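Hi,

Here is the structure I said I'd pass on.

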Amino acid sequence: MEEINKTAKIQFFFRPFSADPKVQVVIFVAFLVMYLTSLSGNAIIAVIVKINHSLHIPMYFFLANLAVLEIFYTSSIAPLALANLLSMGKTPVSITGCGTQMFFFVFLGGVDCVLLAVMAYDRFIAICYPLRYTLIMSWPLCVELMVGSLVLGFLLSLPLTILIFHLPFCNNSEIYHFYCDMPAVMRLACADTHVHQTALYIISFIVLSIPLSVISISYVFIVVAILQIQSAEGHHRAFSTCSSHILVVFLQYGCTSFIYLSPSSSYSPEMDRVVSVVYTFITPILNPLIYSMRNKELKDALRRALSKF
């Protein structure tokens, strides 16, 4: 009981990127610009899809949900990271606050991975079974797939977060990161973490490998179907629609696999922190840019909306 009370009173701090306050300010400005760009870009996509009835189809339903998801995903990290950049790592976070941030980060990240697989399945049906698309991808199914993604993310994140925060934490309270990432937090525990590392690896493997398998299989069939299209315009349209999704998948799965599926012996706190910037700040910016630049219907809807002002 005494050990639990000690752990409950611990406050964590995040290690600054640099000991130079001027460098910290530059990084703060860069993070703030990326965060605001991510918020505005994803909010625009969500609003454009909402107000344009021509975009009320499954493809854009999932895209709008991805945009909203990215807003919450980045917002679970950015405010505390920005506060710590300005305070040179002196802004404390309680163990409860750290656990809450970890839960929402893993929850939203897991939903993100599952949703990308759902979007690949949607493209597979649209390209391989165009005449049956509206019948197969009905609105009740779309809602079920979205709710299912949220439930899966919740069921995977909650037990893992509880497991990690049942660990005892001792005197070392400086997290070598800019948010409460699982590998970084586990390294502060004053107990054996082999079971926890194994659980993290297994859950990460499930969250990453199963959706990625669905995406890969879907795109094998998609590529075969596209190659059978006779017209050059049909080729271009189909590849344009899918290439944007592939770019997002590559960034999301590549970075997260590097962090969570790498052997613990090769763990590098500095590299972990740098790669984490990509999928917490940069990828949420690229999502709206990639989808808007590669999607004619979305660009047309955005132009019509801007022309009204």
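Starting with the strands: E1 (residues 11–14) and E2 run antiparallel and are joined by two bridges. Pairing here needs at least two DSSP bridges between two strands, while strands (E, at least two residues) and helices (H or I, at least four) are DSSP runs numbered from the N terminus. Before you go further, note that this is a predicted model, where local features need pLDDT of at least 70, side-chain atom pairs count only at pLDDT 80 or more, and totals for chains, interfaces and linings use all residues. Residues are numbered from 1 along each chain as its sequence is written, and side-chain values use heavy atoms, with hydrogens and water left out.

The sheet is open and mixed, with three strands in the order E2-E1-E3. E2 (93–94) and E3 (174–175) are the edge strands with a single partner each, so one side of each has no neighbour in the sheet.

Opposite Val93 stands Phe12. Val93 is buried, at 8% relative accessible area (buried is under 20%, exposed over 50%, partly exposed in between, using a 1.4 Å probe and protein chains only). Beyond four places in sequence, Val93 contacts Gln11, Phe12, Phe14, Leu80 and Cys98 (contact means heavy atoms within 4.5 Å). Gln11 is 82 residues from Val93 in sequence, yet their C-alpha atoms are 5.5 Å apart.

Now the cavities. A cavity is a set of points on a 1 Å grid over the protein atoms alone where a 1.4 Å probe fits but cannot get out, and lining residues have an atom within 4 Å of a point.

In the largest cavity, 20 residues form the lining, and Val106, Gly109, Gly110, Val207 and Tyr260 are the closest to its centre. Helices H5 (95–128), H7 (139–164), H9 (194–227) and H10 (232–260) each supply at least two lining residues. By type, the lining has 13 nonpolar, seven polar and no charged residues (nonpolar is Ala, Val, Leu, Ile, Met, Phe, Trp, Tyr, Cys and Pro; charged is Asp, Glu, Lys and Arg; the others, Gly among them, are polar).

One more for your list is Ser157, in H7. Ser157 is buried, at 0% relative accessible area, and touches Phe103, Val106 and Phe107, leaving out residues up to four places away in sequence.

Cheers

Key
On a 1 Å grid over the protein atoms alone, a cavity is a set of points where a 1.4 Å probe fits but cannot get out, and a pocket is an open set with protein on both sides within 12 Å along at least five of seven lines; lining residues have an atom within 4 Å of a point.
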